[in-house]
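Trainee: Hi! Could you walk me through this structure?
Mentor: Happy to, let's look together.

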Amino acid sequence: MAGKRRHGESGKRKSVKIAPSKSKISNDSVYPDYSKFQVTYPVVCRQRYHQDKVRYDKQFQYELKMLELMQNSAYDSMRFHRHVAITTLWPPLHTKKEIEYVLDKFFRLPDKQTRRLRDIMNAPVY
């Protein structure tokens with residue numbers, strides 16, 4: 001995979017000035033022009049954590065897609081997809097947000113296939 005970037009090569013993180021966290025009270029209003037504003041370390045960590053989570057989710061979805069495409073037949077691919085969606089992606093306690101995410105991302109046909117299916121279903125049977 002010559003076109004892919006590896007994690008450590010050119011995807012370096014930006015350096016950010018970090019202010020020591022002395023108290024829980026923010027003094028953002030002391031310098032209204034933000035010339036001396038420094039982002040606190042917990043905020044930087046939260047941003048990094050979120051970015052890593054998004055990147056991990058994208059990589060995980062890509063790997064699942066590739067595993068699904070490597071199955072021998074469409075039936076095997078469907079069984080793999082269903083097994084992974086039910087056992088891996090849904091935890092024992094399902095929230096509405098998680099169920100909607102799976103329904104939006106996994107059980108949707110492309111527009112072209114959706115139109116074709118609708119045409120087939122609406123066509124008269126002789």
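Mentor: One place to begin is serine 77, which lies in helix H2, residues 74–87. Helices here are DSSP runs of H or I with at least four residues, numbered from the N terminus. Bear in mind that this is a predicted model, where local features need pLDDT of at least 70, side-chain atom pairs count only at pLDDT 80 or more, and totals for chains, interfaces and linings use all residues. Residues are numbered from 1 along each chain as its sequence is written, and side-chain values use heavy atoms, leaving out hydrogens and water.

Trainee: Is serine 77 buried or exposed?
Mentor: Buried, because its relative accessible area is 14%, and buried means under 20% (exposed is over 50%, partly exposed in between; 1.4 Å probe, protein chains only).

Trainee: What does serine 77 touch?
Mentor: Glu68 and Gln71, leaving aside residues up to four places away in sequence. Contact means heavy atoms within 4.5 Å.

Trainee: And histidine 81, which helix is that in?
Mentor: Histidine 81 also lies in H2. Histidine 81 counts as buried, at 16% relative accessibility. Not counting residues up to four places away in sequence, histidine 81 touches Glu68, Phe106 and Phe107.

Trainee: New topic: where is leucine 117?
Mentor: Leucine 117 is in helix H4, residues 111–122. Leucine 117 counts as partly exposed, because its relative accessibility is 43%.

Trainee: How many of the 12 residues in H4 are buried?
Mentor: The count is 0, so H4 is hardly covered.

Notes
Helices (H or I, at least four residues) and strands (E, at least two) are DSSP runs, numbered from the N terminus.
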